[in-house]
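Please open the structure in your viewer and keep the sequence beside it, so that each selection can be followed in both places.

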Amino acid sequence: MGKGGGCVSSKNKTSKSSNSAKHSINVPSSTKNLKIFIVFYSMYGHVESLARRIKKGIETMEGVEGVLYRAPETMSEDVLVKIQAPLKDDSIPEISLPSDLVDADGFLFGFPTRFGCMAGQMKALFDSVGNLWKEQKLAGKPAGFFVSSGSQGGGQETTAWTAITQLAHHGMLFVPIGYTFGAGMFDMDMVRGGSPYGAGVFTGDGSREATEVELALAEYQGKYMATIVKKLVHG
(Lines give C-alpha, C1' and ligand atoms only; values in the text may rest on other atoms or scores of the structure.)
Protein backbone atom coordinates (compact mmCIF):
# COMPACT_ATOMS: atom_id res chain seq x y z
CA MET A 1 0.00 0.00 0.00
CA GLY A 2 1.03 3.63 -0.35
CA LYS A 3 1.99 6.05 2.35
CA GLY A 4 -0.29 5.95 5.36
CA GLY A 5 -1.44 2.38 4.55
CA GLY A 6 -2.06 -0.16 7.28
CA CYS A 7 0.15 -2.97 6.03
CA VAL A 8 3.22 -3.92 8.10
CA SER A 9 6.31 -4.87 6.16
CA SER A 10 7.51 -8.46 6.33
CA LYS A 11 10.75 -7.17 7.83
CA ASN A 12 8.90 -5.70 10.81
CA LYS A 13 6.84 -8.84 11.24
CA THR A 14 10.01 -10.92 11.46
CA SER A 15 11.50 -8.56 14.01
CA LYS A 16 8.46 -8.81 16.30
CA SER A 17 8.36 -12.57 16.06
CA SER A 18 12.05 -12.83 16.84
CA ASN A 19 11.73 -10.56 19.88
CA SER A 20 8.81 -12.63 21.20
CA ALA A 21 10.79 -15.86 20.89
CA LYS A 22 13.78 -14.25 22.59
CA HIS A 23 11.82 -13.65 25.78
CA SER A 24 9.72 -16.81 25.79
CA ILE A 25 9.37 -18.75 29.05
CA ASN A 26 11.60 -21.81 29.19
CA VAL A 27 9.46 -24.93 29.46
CA PRO A 28 11.36 -28.20 30.02
CA SER A 29 10.77 -31.09 27.66
CA SER A 30 8.66 -33.85 29.19
CA THR A 31 10.67 -36.59 27.47
CA LYS A 32 14.15 -35.99 28.90
CA ASN A 33 15.69 -36.97 32.21
CA LEU A 34 15.07 -33.95 34.45
CA LYS A 35 18.05 -32.23 36.07
CA ILE A 36 18.14 -30.19 39.26
CA PHE A 37 21.37 -28.26 39.69
CA ILE A 38 22.61 -28.06 43.29
CA VAL A 39 24.81 -25.00 43.11
CA PHE A 40 26.59 -24.15 46.35
CA TYR A 41 29.47 -22.38 48.00
CA SER A 42 31.05 -24.04 51.04
CA MET A 43 34.22 -22.84 52.72
CA TYR A 44 34.51 -25.38 55.54
CA GLY A 45 32.26 -28.16 54.26
CA HIS A 46 29.05 -27.54 56.19
CA VAL A 47 26.97 -26.43 53.21
CA GLU A 48 28.56 -29.15 51.09
CA SER A 49 27.34 -31.81 53.53
CA LEU A 50 23.79 -30.55 53.02
CA ALA A 51 24.28 -30.44 49.24
CA ARG A 52 25.30 -34.09 49.11
CA ARG A 53 22.23 -35.17 51.06
CA ILE A 54 20.02 -33.01 48.88
CA LYS A 55 21.37 -34.85 45.84
CA LYS A 56 20.50 -38.15 47.53
CA GLY A 57 16.95 -36.94 48.14
CA ILE A 58 16.51 -35.76 44.56
CA GLU A 59 17.57 -39.09 43.17
CA THR A 60 14.99 -41.03 45.14
CA MET A 61 12.57 -39.71 42.51
CA GLU A 62 12.59 -41.68 39.27
CA GLY A 63 13.60 -39.68 36.23
CA VAL A 64 15.25 -36.83 38.15
CA GLU A 65 18.99 -36.29 38.54
CA GLY A 66 20.76 -34.06 41.03
CA VAL A 67 23.92 -32.38 39.69
CA LEU A 68 26.41 -30.82 42.11
CA TYR A 69 28.26 -27.62 41.18
CA ARG A 70 30.39 -25.21 43.17
CA ALA A 71 30.22 -21.46 42.92
CA PRO A 72 33.71 -20.26 41.91
CA GLU A 73 36.05 -19.24 44.72
CA THR A 74 36.87 -15.54 44.85
CA MET A 75 39.53 -15.65 47.58
CA SER A 76 43.20 -16.16 46.80
CA GLU A 77 45.00 -19.35 47.79
CA ASP A 78 47.09 -17.39 50.29
CA VAL A 79 44.02 -16.16 52.12
CA LEU A 80 42.40 -19.61 52.13
CA VAL A 81 45.55 -21.07 53.70
CA LYS A 82 45.61 -18.38 56.40
CA ILE A 83 42.00 -19.04 57.40
CA GLN A 84 42.64 -22.80 57.33
CA ALA A 85 40.00 -23.57 54.73
CA PRO A 86 40.24 -27.25 53.74
CA LEU A 87 40.96 -28.30 50.17
CA LYS A 88 37.85 -28.72 48.07
CA ASP A 89 36.79 -32.03 46.54
CA ASP A 90 37.79 -31.81 42.88
CA SER A 91 35.11 -34.32 41.91
CA ILE A 92 32.55 -31.51 42.21
CA PRO A 93 33.19 -29.03 39.39
CA GLU A 94 32.77 -25.29 39.51
CA ILE A 95 30.22 -23.63 37.26
CA SER A 96 32.55 -22.72 34.40
CA LEU A 97 30.14 -20.54 32.42
CA PRO A 98 26.98 -18.79 33.61
CA SER A 99 25.27 -20.08 30.46
CA ASP A 100 25.59 -23.62 31.85
CA LEU A 101 22.72 -22.80 34.22
CA VAL A 102 20.25 -22.81 31.33
CA ASP A 103 20.47 -26.61 31.10
CA ALA A 104 18.81 -27.11 34.51
CA ASP A 105 15.12 -27.82 35.04
CA GLY A 106 15.34 -26.56 38.62
CA PHE A 107 17.82 -25.30 41.19
CA LEU A 108 18.76 -25.54 44.83
CA PHE A 109 21.29 -22.88 45.79
CA GLY A 110 23.30 -23.29 49.00
CA PHE A 111 25.54 -20.81 50.80
CA PRO A 112 26.72 -19.67 54.23
CA THR A 113 25.41 -16.45 55.69
CA ARG A 114 27.39 -13.23 55.74
CA PHE A 115 25.60 -10.80 58.07
CA GLY A 116 22.18 -12.09 57.08
CA CYS A 117 22.84 -12.32 53.33
CA MET A 118 24.45 -14.84 51.00
CA ALA A 119 28.25 -15.19 50.94
CA GLY A 120 30.10 -13.01 48.45
CA GLN A 121 31.17 -15.98 46.33
CA MET A 122 27.55 -16.89 45.57
CA LYS A 123 26.64 -13.23 45.03
CA ALA A 124 29.49 -12.99 42.52
CA LEU A 125 27.98 -15.93 40.62
CA PHE A 126 24.58 -14.25 40.49
CA ASP A 127 26.24 -11.00 39.43
CA SER A 128 27.82 -12.79 36.46
CA VAL A 129 24.57 -13.90 34.83
CA GLY A 130 23.49 -10.57 33.39
CA ASN A 131 23.11 -11.99 29.89
CA LEU A 132 20.77 -14.70 31.17
CA TRP A 133 18.72 -12.03 32.96
CA LYS A 134 18.63 -9.84 29.83
CA GLU A 135 17.09 -12.65 27.78
CA GLN A 136 15.15 -14.17 30.72
CA LYS A 137 16.71 -17.56 30.08
CA LEU A 138 15.93 -18.77 33.61
CA ALA A 139 12.32 -17.56 33.69
CA GLY A 140 9.84 -20.15 34.90
CA LYS A 141 12.47 -22.41 36.49
CA PRO A 142 11.83 -23.41 40.13
CA ALA A 143 14.51 -22.75 42.74
CA GLY A 144 15.09 -23.02 46.47
CA PHE A 145 17.79 -22.32 49.06
CA PHE A 146 19.71 -24.04 51.84
CA VAL A 147 22.08 -22.25 54.20
CA SER A 148 24.50 -22.38 57.11
CA SER A 149 24.95 -19.92 59.95
CA GLY A 150 27.18 -19.67 62.99
CA SER A 151 24.45 -19.16 65.56
CA GLN A 152 20.73 -19.60 66.13
CA GLY A 153 20.07 -15.92 65.48
CA GLY A 154 22.63 -15.72 62.71
CA GLY A 155 20.50 -15.79 59.58
CA GLN A 156 18.79 -19.13 58.95
CA GLU A 157 15.75 -17.26 57.58
CA THR A 158 17.08 -13.85 56.51
CA THR A 159 19.86 -15.40 54.41
CA ALA A 160 17.23 -17.18 52.34
CA TRP A 161 14.66 -14.42 52.04
CA THR A 162 17.20 -11.76 51.09
CA ALA A 163 18.22 -14.09 48.23
CA ILE A 164 14.68 -14.23 46.81
CA THR A 165 15.33 -10.95 44.99
CA GLN A 166 17.75 -12.81 42.71
CA LEU A 167 14.99 -15.20 41.65
CA ALA A 168 12.42 -12.44 41.19
CA HIS A 169 14.52 -10.52 38.69
CA HIS A 170 15.07 -13.69 36.66
CA GLY A 171 11.38 -14.59 36.73
CA MET A 172 12.16 -17.82 38.60
CA LEU A 173 9.76 -19.60 40.96
CA PHE A 174 10.73 -19.71 44.63
CA VAL A 175 9.96 -23.09 46.20
CA PRO A 176 10.17 -23.11 50.03
CA ILE A 177 9.58 -26.31 51.97
CA GLY A 178 7.14 -24.69 54.39
CA TYR A 179 6.31 -27.10 57.19
CA THR A 180 5.89 -30.12 54.90
CA PHE A 181 8.71 -31.94 56.71
CA GLY A 182 6.20 -32.56 59.48
CA ALA A 183 6.82 -33.00 63.20
CA GLY A 184 10.58 -32.62 62.78
CA MET A 185 10.05 -28.91 62.09
CA PHE A 186 8.67 -28.46 65.61
CA ASP A 187 11.28 -30.50 67.53
CA MET A 188 12.55 -28.36 70.42
CA ASP A 189 14.67 -31.02 72.10
CA MET A 190 17.85 -30.17 70.19
CA VAL A 191 19.60 -27.41 68.32
CA ARG A 192 18.53 -27.71 64.70
CA GLY A 193 19.15 -25.62 61.61
CA GLY A 194 16.62 -25.18 58.85
CA SER A 195 13.42 -23.19 58.45
CA PRO A 196 10.32 -23.02 56.24
CA TYR A 197 12.61 -21.44 53.63
CA GLY A 198 14.84 -24.51 53.35
CA ALA A 199 17.38 -26.79 54.99
CA GLY A 200 20.09 -25.34 57.20
CA VAL A 201 22.94 -26.17 59.53
CA PHE A 202 24.40 -24.38 62.55
CA THR A 203 28.20 -24.34 62.50
CA GLY A 204 29.04 -22.68 65.82
CA ASP A 205 32.75 -21.80 65.79
CA GLY A 206 33.15 -24.05 62.75
CA SER A 207 33.76 -27.27 64.65
CA ARG A 208 30.10 -28.33 64.78
CA GLU A 209 29.05 -30.71 62.01
CA ALA A 210 25.56 -31.13 60.60
CA THR A 211 23.43 -33.47 62.72
CA GLU A 212 21.44 -36.32 61.24
CA VAL A 213 18.27 -34.28 61.77
CA GLU A 214 19.69 -31.40 59.72
CA LEU A 215 20.88 -33.79 57.03
CA ALA A 216 17.49 -35.51 56.95
CA LEU A 217 15.81 -32.16 56.32
CA ALA A 218 18.26 -31.52 53.46
CA GLU A 219 17.48 -34.92 51.95
CA TYR A 220 13.79 -34.20 52.26
CA GLN A 221 14.21 -30.83 50.54
CA GLY A 222 15.87 -32.57 47.60
CA LYS A 223 13.02 -35.04 47.27
CA TYR A 224 10.44 -32.28 47.67
CA MET A 225 12.02 -30.16 44.94
CA ALA A 226 12.20 -33.18 42.63
CA THR A 227 8.47 -33.71 43.19
CA ILE A 228 7.73 -30.07 42.34
CA VAL A 229 9.86 -30.14 39.19
CA LYS A 230 8.13 -33.29 37.96
CA LYS A 231 4.72 -31.74 38.58
CA LEU A 232 5.65 -28.62 36.64
CA VAL A 233 6.87 -30.68 33.70
CA HIS A 234 4.36 -33.53 33.61
CA GLY A 235 1.36 -31.92 35.31
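In this predicted model, begin by selecting helix α2 and colouring its buried residues, which are H46, V47, E48, L50, A51, R53, I54, G57 and I58. The helix covers residues 46-58, and from its first C-alpha to its last it reaches 19 Å, close to the 18 Å expected for its 13 residues at 1.5 Å a residue. What lies over these buried residues?

Next, select F37, V39, L101, F107, F109, F111 and M122, the residues with the most contacts inside the largest nonpolar core, which has 30 residues. The elements that each give two or more residues to this core are β1, β2 (64-70), β3 (106-114), α4 (120-127) and β5 (142-149).

Return now to L101 and display its neighbours: leaving aside residues up to four places away in sequence, L101 touches F37, V39, I95, F107, V129, L132 and L138.

Finally, move to the loop between β1 (34-40) and α2, where Y44 is found. Is Y44 buried, partly exposed or exposed? Its relative accessibility is 39%, and therefore Y44 counts as partly exposed. Select M75, V79 and I83 along with Y44, and you will see a nonpolar surface patch of about 300 Å².

Conventions:
Residues numbered from 1 in each chain as written. Predicted model: local features only at pLDDT ≥ 70, side-chain atom pairs only at ≥ 80, totals over all residues. Heavy atoms only, no water. Patch = residues over 30% accessible without salt bridge, like charges linked within 9 Å, V, L, I, M, F, W, Y side chains within 5 Å. Areas by Shrake-Rupley, 256 points an atom, 1.4 Å probe, with all protein chains shown as cover. Salt bridge = Lys/Arg side-chain N within 4 Å of Asp/Glu carboxyl O. Helix = DSSP H or I, 4+ residues; strand = E, 2+ residues; numbered from the N terminus. Buried < 20%, exposed > 50% of the residue type's maximum accessible area, 1.4 Å probe, protein only. Core = buried A, V, L, I, M, F, W, Y, C linked by side-chain atoms within 4.5 Å. Contact = heavy atoms within 4.5 Å. Expected span 1.5 Å × (residues − 1).
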